[in-house]
Amino acid sequence: MITSTRRVSADKPEVQIAFSLDKTSELKDAEDPLPSFPDLEQRLQPVLPCRSLKESIEVYKNHCKMAKEFNQVKHEIARLDDRKRELMSELLEDEKVSMEFARLEEEYRILTEENQNLITVHSQCTQQLETLRVISQKRQGSS
């Protein structure tokens, strides 16, 4: 750390300036290591604090915290959007299956009704055949 004290003019008090060439030591109190928010727009990126101002460091920490939360919410929204698309796809598939099921039920109902009609016709034809046999036997027996 380099420290220098100078008097700008005779009527002004001395000004002390301290700085370090070690970049990480300036931000030790702010965040270690420096957070990165690549998904965040440049204009929303946290600005490095002025280490000499406690309020600046607090604002920076809060900004980093909010940026991290924003990033988490953004990823959660993306995950939920993906899940929504999956569910919409499943719903569409379920609707297709439901329509196919309804079509098959209707086809089954029609075929069952047709089967009942055929059974009835078969039974009637069998009765008519039996009646004709009886009549035929009576005619042959009387001849």
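Is C125 buried or partly exposed? I first noted that this is a predicted model, in which local features need pLDDT of at least 70, side-chain atom pairs count only at pLDDT 80 or more, and totals for chains, interfaces and linings use all residues. Residues are numbered from 1 along each chain as its sequence is written, and side-chain values use heavy atoms, with hydrogens and water left out.

Cysteines. I found C125 at 40% relative accessibility, so C125 counts as partly exposed, where buried means under 20% relative accessible area, exposed over 50% and partly exposed in between, with a 1.4 Å probe and protein chains only. C64, at 5%, counts as buried. I looked for disulfides (cysteine sulfur atoms within 2.5 Å) and found zero.

Core. C64 belongs to the largest nonpolar core, whose five residues also include F37, L40, Y60 and A67; such a core is a set of buried Ala, Val, Leu, Ile, Met, Phe, Trp, Tyr and Cys residues joined through side-chain atoms within 4.5 Å.

Salt bridges. I counted nine, each a side-chain nitrogen of Lys or Arg within 4 Å of a carboxyl oxygen of Asp or Glu. E41 pairs with R43, their closest N and O atoms being 2.9 Å apart; E41 is partly exposed at 43%, whereas R43 is exposed at 67%. R109 and E106 meet at 2.5 Å, N to O, and I noted that R109 is partly exposed at 42%, as is E106 at 35%. Salt bridges that share partners also join E100, R103 and E107 into one network.
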